[in-house]
Protein chains: 2
Amino acid sequence: MRVNLSHGAGGKATQDMVQKLILSLLDEDMKRVEGGVGTDELDDGATLPAGENHLVMSVDSYTVNPPFFPGGNLGVLAASGTINDVLMMGAKPVAAMDSIIVQEGFELEELKKITSSMIQVFRENGVKLVGGDFKVMPFGDLRGVVITTVGVGWAEKPILDSSLKPGDKLLVTGTVGDHGAAILAAQQGIEGVESDVKPLTQVMLPLLEEFGDQIRAAQDPTRGGLAQVLNEWASKTGLLITVREESIPIAEEVKALSELLGVDPLQLASEGKAVLGVSPEVSEDVLNFLKERGCDRASIIGEVKESSKYRGMVILETKVGGLRVMERPLGAVVPRIC
Amino acid sequence: MRVNLSHGAGGKATQDMVQKLILSLLDEDMKRVEGGVGTDELDDGATLPAGENHLVMSVDSYTVNPPFFPGGNLGVLAASGTINDVLMMGAKPVAAMDSIIVQEGFELEELKKITSSMIQVFRENGVKLVGGDFKVMPFGDLRGVVITTVGVGWAEKPILDSSLKPGDKLLVTGTVGDHGAAILAAQQGIEGVESDVKPLTQVMLPLLEEFGDQIRAAQDPTRGGLAQVLNEWASKTGLLITVREESIPIAEEVKALSELLGVDPLQLASEGKAVLGVSPEVSEDVLNFLKERGCDRASIIGEVKESSKYRGMVILETKVGGLRVMERPLGAVVPRIC
């Protein structure tokens with residue numbers, strides 16, 4: 001059997017692959033540092049207990065192609081993605097490291113635009129760039145640039161998506177699918193769709209401060225999109241998640257592109273949005289809080305329920321009043337999307 | 001200007017590149033977390049103060065080609081390299097994360113051999129694998145597999161190579177250049193040279209416990225080899241380093257290959273050795289300590305001196321009694337060596 005693109009798409013095939021290559025080979029006590037979040041949580045990051053606090057760390061490789069796209073570039077993506085992963089664990093990002101691999105023959109000025117954008121995002125978000133690695137691969141061995149970023153931060157109490165409870169409300173901080181649609185469009189030579197790539201520091205830190213553990217779950221819907229996040233949460237908790245299609249904000253141009261190309265926008269990546277699970281008492285307050293902070297299209301999209309019959313499933317109430325299962329994405333919509 | 005292979009070789013061209021792409025763009029206060037080791041130290045890793053301790057973290061991308069080579073494979077290399085980077089900062093490695101990028105069409109069984117080897121090395125060294133990322137790149141965009149590993153550990157007092165003092169002795173824990181020679185040989189279809197890739201946990205942890213801050217500097221001579229490490233130390237401290245050629249242990253087959261191919265073994269990577277700077281009073285004790293722990297070819301190779309005339313230089317006393325400057329490697333001896 002050979003590795004194929006769907007194995008890297010972030011959906012079910014990726015989880016099966018990670019199970020085969022990593023999880024099945026790890027002894028139980030190798031999956032985490034005692035008292036911390038480890039590999040088998042499949043969360044945005046891991047945690048290590050450190051005194052009163054928890055160190056949160058996250059790593060991701062960014063391979064996006066083209067490296068410059070409407071709304072951003074590889075450097076913005078690498079910095080924002082890493083900052084967001086740390087934030088989604090309930091931590092304040094403090095430091096990052098980068099490992100850059102570039103193809104022989106890549107234009108230095110272009111590469112400098114990428115690193116300069118990355119550094120600017122870190123700077124604006126108070127994240128120090130404390131070290132890194134730089135390698136060059138021969139022409140023919142790599143096309144373009146790959147940046148792997150590591151982010152670390154401190155959390156008093158990390159957010160574990162497994163803490164979702166029946167009754168909790170689900171929110172998104174804005175439109176979904178913009179980044180995936182932008183890359184798909186760029187790869188197809190279609191104009192007019194912009195990535196939403198940006199760090200969520202200005203939204204998440206005040207939100208966590210204000211609402212504390214009433215924010216039960218948080219994730220940025222990157223590879224596999226909203227459908228992937230909700231399915232992960234449902235399967236992790238064994239609860240039923242119901243979502244109203246008409247409440248899910250999708251930009252007009254993303255809708256149009258999805259229809260044109262026959263892809264599901266709920267499976268397309270966002271890179272500047274969060275999906276939140278919050279306790280029902282505060283859901284309206286959280287929504288208002290988000291709207292006051294510039295998240296104009298934030299929306300309550302659904303809720304978490306107890307169900308013996310539909311354990312671990314995600315059900316979409318469609319606009320015409322029907323119900324359908326929102327499947328975990330199976331394969332790759334777009335290669336090198338992030 | 002375009003990026004070329006020498007920019008990724010770990011020598012002077014790499015440092016110039018990192019200066020252009022990263023360091024020159026970082027404000028002074030972005031280079032480190034207050035009280036920690038940051039980007040401009042160009043050490044094996046960075047540190048973050050955390051209570052009484054320091055968190056040490058390191059990241060490296062491993063691109064070695066071929067992924068299976070005499071003495072090891074990409075997985076052993078990724079785990080060992082990361083463990084060693086954390087050890088060289090004077091820390092006990094406790095956790096790691098991995099980010100795997102594989103080409104579409106790569107044989108799954110081969111990939112599993114690689115991850116399985118990586119996990120085995122982590123297991124044997126008490127390092128938890130707490131999370132990671134997995135991506136696939138389309139055929140033609142990547143050849144083979146790239147693994148980026150992040151290692152973290154705790155140090156009471158990190159080892160800063162800049163703490164070297166005049167009079168300090170320099171040791172190596174064994175033969176140098178073995179890994180680079182093995183990859184070079186494998187790429188040329190020559191047999192009989194084995195990589196030395198292995199973690200140094202069993203050597204370094206007891207050594208640090210026994211000798212504490214009398215170990216002033218430690219680095220694993222990977223890309224750029226011994227010549228790179230010694231030049232970094234000399235230039236960081238502004239001191240003169242002198243080394244006796246006849247004291248530098250080099251395996252016979254590495255010597256032979258180097259002569260055959262016209263490369264300098266002092267510029268070839270090791271992946272299971274450390275270069276140490278130790279205070280003169282303990283140098284013989286350190287040597288004996290290493291030998292008792294299986295480092296049969298450990299050797300005192302030189303010393304650190306004050307010199308106004310030869311500030312920041314490395315001078316090699318050759319076997320025939322002459323003196324020559326040991327240059328920092330300029331370019332790439334071998335691409336995808338680690």
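**Two interfaces in one model**

Between chain B and chain A, about 7000 Å² of area is buried, and carbon and sulfur atoms give 69% of that. Please keep in mind that this is a predicted model. I start with an area because the size of an interface is often given as the accessible area lost when the parts come together.

As for who takes part, 84 residues of chain B and 84 residues of chain A make up the contact.

Next, the charged pairs. How many salt bridges does the rule find across the interface of chain B and chain A? The number is twelve. To take one pair, the side chains of B:Lys135 and A:Asp60 meet in a salt bridge, at 3.8 Å from N to O. The cut-off for that distance is 4 Å.

Polar contacts are counted separately: 41 residue pairs across the interface of chain B and chain A, with both residues at pLDDT 80 or more. On the side of chain B that touches chain A, several elements supply at least two residues each, including the helices α1 (12–21) and α3 (108–124) and the strands β2 (53–62), β5 (92–103) and β7 (145–155) of chain B. Which element gives the most to that side of chain B? That is β6(B), with ten residues. Sorted by class, the side of chain B that touches chain A holds 45 nonpolar, 20 polar and 19 charged residues.

Now to the inside of chain A. In contact are 25 residues of domain 1 of chain A and 26 residues of domain 2 of chain A.

The area buried between domain 1 and domain 2 of chain A is about 2000 Å², with 58% from carbon and sulfur atoms. Salt bridges between these two domains of chain A number zero. The rule does find six residue pairs in polar contact across the interface of domain 1 and domain 2 of chain A, both residues at pLDDT 80 or more.

Where does the side of domain 1 of chain A that touches domain 2 get the most residues from? Helix α2 of chain A, residues 74–88, gives nine. By class, that side of domain 1 of chain A has twelve nonpolar, eight polar and five charged residues.

To recap the salt bridges: twelve across the interface of chain B and chain A, and zero between domain 1 and domain 2 of chain A.

Terms used
Residues numbered from 1 in each chain as written. Chains lettered and ligands numbered in written order. Predicted model: local features only at pLDDT ≥ 70, side-chain atom pairs only at ≥ 80, totals over all residues. Heavy atoms only, no water. Contact = heavy atoms within 4.5 Å. Buried area = accessible area lost by both parts, 1.4 Å probe. Polar contact = N/O pair within 3.5 Å; in protein donor to acceptor, adjacent residues only side chain to side chain. Helix = DSSP H or I, 4+ residues; strand = E, 2+ residues; numbered from the N terminus. Nonpolar A, V, L, I, M, F, W, Y, C, P; charged D, E, K, R; others polar.
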